[in-house]
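Take a moment with the view before reading on.

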Amino acid sequence: MTRTVYVNGSYLPEDQATISIFDRGFLFADGVYEVTSVLDGKLIDFGGHAARLDRSLSELEMASPVTTDELLEIHRELVRLNEIDEGLIYLQITRGAAADRDFAYPAPDTPPTIVLFTQAKPGLADSPASKTGIKVISIEDQRWGRRDIKTVQLLYPSMGKMMAKAAGADDAWMVEDGAVTEGTSNNAYIVKGNTIVTRQLGNEILHGITRAAVLRFAREAQMKVEERAFTMEEAKEADEAFITSASTFVMPVVELDGQPVGTGAPGPVTARLREIYLDEMRKAAV
Ligand code: PMP
């Protein structure tokens with residue numbers, strides 16, 4: 001089945017969808033994005049992703065070409081047309097294509113570009129990695145200073161993934177001024193006893209939609225949550241570690257810089273949070 005994608009108002013086969021070479025997303029990484037997961041053919045936390053998209057757009061003084069209701073309809077239509085049961089929906093909005101390459105923003109009436117496509121991921125909620133855990137290395141955080149805006153400037157995170165692969169690991173946690181910020185495409189956590197520690201919100205990290213839900217469920221389950229910076233040294237002494245994102249949900253981390261975390265196997269707090277997260281979010285899916 002050929003994938004159907006959405007571009008600027010049209011649903012098209014993926015090989016017929018085009019955008020301009022002058023698009024500012026292409027020339028300047030002048031664009032924002034969201035990734036929403038699909039379970040049982042329904043959208044997980046669509047409201048959270050739509051709200052963060054609005055915030056990213058407004059921080060960059062970028063107009064949205066669609067309302068939130070229209071966006072929900074486009075997501076649902078793509079799920080339907082591509083028969084997605086488990087998978088992801090990628091959405092990108094850029095400042096559009098000016099007539100030529102120019103650093104200054106184009107006239108405000110320049111139409112933004114909007115693109116959405118689906119990625120089928122059968123078995124997403126039951127992935128082998130969620131049972132075995134993943135290996136993480138630490139690298140220096142060399143990204144720009146506004147990581148709270150979900151822009152498509154993903155070269156350094158992409159380099160980080162390659163550094164992890166080269167080291168025989170699955171992902172990298174980025175370290176700045178001695179403290180962990182986050183993973184290349186996820187938020188980072190450690191667990192000590194009944195306490196979950198994760199970096200506080202600020203410009204230094206992306207405000208994960210999964211993070212917000214997981215911390216809410218953790219507090220409801222009487223776990224203690226500390227939103228503060230932690231070091232790799234503290235992480236290596238933790239009982240458990242995990243990451244969260246829309247595509248991995250709650251994923252155990254079993255090795256940090258080649259050293260086992262806790263017992264070296266996925267821990268009970270991580271497993272419980274994953275289960276609660278998936279149960280609750282499936283119930284609330286739209
Ligand atoms: N941090 C970064 C840098 C990310 O790229 C992502 C995922 N896009 C996250 C955290 C997790 O965010 P979410 O839970 O909203 O997917």
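## The largest pocket

The largest pocket holds about 750 Å³ of space, a volume filled by probe spheres set on grid points joined across faces, edges and corners. Of its 36 lining residues, Y33, K150, L154, T184 and S185 are the closest to the centre. A pocket here is an open set of points on a 1 Å grid over the protein atoms alone, with protein on both sides within 12 Å along at least five of seven lines; lining residues have an atom within 4 Å of a point.

Helix α5 (155–166) gives the most to this lining, with five residues. Elements that each supply at least two include β3 (31–39), β9 (179–183) and α6 (209–220). By class, the lining has 14 nonpolar, 16 polar and six charged residues.

## How the model was read

This is a predicted model: local features need pLDDT of at least 70, side-chain atom pairs count only at pLDDT 80 or more, and totals for chains, interfaces and linings use all residues. Residues are numbered from 1 along each chain as its sequence is written, and side-chain values use heavy atoms, leaving out hydrogens and water.

## The largest cavity

About 40 Å³ of space lies in the largest cavity, a set of points where a 1.4 Å probe fits but cannot get out. Among the residues lining this cavity are S37, D45, H49 and Y277.

## Helices α2 and α3

F46, A50, L53 and D54 in α2 meet T68, L71, L72 and H75 in α3, where contact means heavy atoms within 4.5 Å.

Conventions:
Helices (H or I, at least four residues) and strands (E, at least two) are DSSP runs, numbered from the N terminus. Ala, Val, Leu, Ile, Met, Phe, Trp, Tyr, Cys and Pro count as nonpolar, Asp, Glu, Lys and Arg as charged, and the others, Gly among them, as polar.
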